[in-house]
Amino acid sequence: MSLKLSTSLIAHVDMNSYFASVEQQANPTLRGRPLGVCAYLHKKGCVIAASIEAKRLGMKVGMSVEEAKLKVPSAVFVQNDPPKYRAVTSRVFSILHELTDCVEHYSIDEAFLDLTGWYRDPAEAAWALIRARWRIRDEVGDWLRCSIGIAPTRFLAKTASDLEKPNGLVVIDKDNLDEILSKLDLEDVCGIGPRIRRRLEKIGIRTLLELKKYPVGNLMRAFGKNGFYLWSKVNGFEVENVTPFDGAPAPKSVGHSYCVPDRVNKEGKVLATLIKLTERAGRRMRALDLLAGSIYVSVGLRQDYGFRSQFDSVHDAFWRPGAGEGGTLYTLFEEPASDSFSLVGAATELLRELWHGECVNFLAVTLTNLAPPSGQRRLSNVGARHASPLPWDRRTDRKRLASTAADQIRDRYGDEAIMFGQMLGLGDEAPDRIGFRKVEGVEIQ
Ligand SMILES: [Mg+2]
């Protein structure tokens, strides 16, 4: 971190209503219509992106599909499709990479660009970005919109791109900084929530302009280091530099979860869903060439026990509604593992401890403590007498090879090409969000 009154030229590019716009780009029948992209098409599924049209009618990210339908009856819903968004993002970002050598991939639909030295002034940078936006329109998709902010710091660039949506371009410099800050609320600054606002108000700061002019020493006495950061942000000091993209960082964990849409308490179905989630997480982890040190399984149980299964009636005398709340358990692997057999075996054991036939509404599997293979053998194998791998190692190698071979078959012939026997007959449970998407509310002629 370097502290300087910033003379940098930073841009922030934010794709507008991103997932929904990509869906509309891919499917022309969705264009111009209120569209919600959701995690699942079930009525309890959550809207994770709304098209510009849907936002105008009041649909908000975070609503359930049920609520969104009530609010916007004409809305169309599609299930999300992350690989598609990632593919579009990489094409958009590759255009941005032609503007400067320093582009930070901030999220799937946002990037920071350090344009210092590449363009003379904000006006020249603005033209370069407008040309980039034309290229995104012509080369990636004419339905995609992005708002652009240009300023001397990251914080101000992001603030600028937020001001005009969709498709805006705002430049913040020392001449209009005060005017723009006067239009914003304290909580528009990242790092100021209701709690910090109350504390700021206590020392007499009610607006961002008052924060800007407040003596920084006093702020630091009240807020410590954070006081300095808040003051720097609104005064145009840079406190965090653009970090160029140099390959995706290795993930800390890989997991999948599933909200079970119907009351499910059939052992086969719960187990099959869990195995499917484990397999999918395992496959992603193997593709990254990582091993898991531990595995977590979470089971959510239904709280509304209107439905009585045979199992319940047997235990009726002991049944306390709400007694079972599910939970999370984990296992540490003796040796970091990546093969299907170890992962599914551990997940199954955890399920047996967590679940005793109640109605399940949520299942999740997470692989954590991920690390690349060290190439070392087990400690017990270190010894002059065992120059060749022990049977234990050969068995592990075989399991790992079998899992990798199964992954290759699935890459080529689809997820269902090879699976554990317990997964047969699972049907549409925990649908694959990559291969088989459903679209609801659209008639395709
Ligand atoms: Mg966005």
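Modeller: Start with R410, which is buried at 7% relative accessibility. This is a predicted model, where local features need pLDDT of at least 70, side-chain atom pairs count only at pLDDT 80 or more, and totals for chains, interfaces and linings use all residues. Residues are numbered from 1 along each chain as its sequence is written, and side-chain values use heavy atoms, without hydrogens and water.

Colleague: Why is R410 called buried?

Modeller: Buried means under 20% relative accessible area, exposed over 50%, partly exposed in between (1.4 Å probe, protein chains only). R410 has 7%, so the label is buried. D407 has 9%, so D407 is buried too.

Colleague: What makes R410 and D407 a salt bridge?

Modeller: The term asks for a side-chain nitrogen of Lys or Arg within 4 Å of a carboxyl oxygen of Asp or Glu. The closest N and O atoms of this pair are 3.4 Å apart, so the pair qualifies. The two residues are 3 apart in helix α15 (residues 391–413), about one helical turn. Helices (H or I, at least four residues) and strands (E, at least two) are DSSP runs, numbered from the N terminus.

Colleague: How many salt bridges does the structure hold?

Modeller: The structure holds 22. Among them is R120 with E124, at 2.7 Å, N to O. R120 is exposed at 73%, and E124 is partly exposed at 25%.

Colleague: Which parts does the salt bridge between K212 and D178 tie together?

Modeller: Its closest N and O atoms are 2.9 Å apart. K212 lies in helix α9 (residues 208–213) and D178 in helix α7 (residues 177–183), so the pair ties together parts 34 residues apart in sequence. K212 counts as buried at 17%, whereas D178 is partly exposed at 29%.

Colleague: Which residues are the protein donors of the magnesium ion, and what makes them donors?

Modeller: They are D14 (OD), M15 (O) and D109 (OD), lying 2.2 to 2.4 Å from the ion. Donors are N, O and S atoms within 2.8 Å of the metal (3.2 Å for Na, K and Ca), so these atoms qualify. Water is not among the atoms, so sites may look incomplete. M15 is in strand β1 (residues 10–15) and D109 in the loop between β5 (103–107) and β6 (110–114), so the pair ties together parts 94 residues apart in sequence.

Colleague: Are M15 and D109 buried or exposed?

Modeller: M15 is buried at 4%. D109 is buried at 16%.
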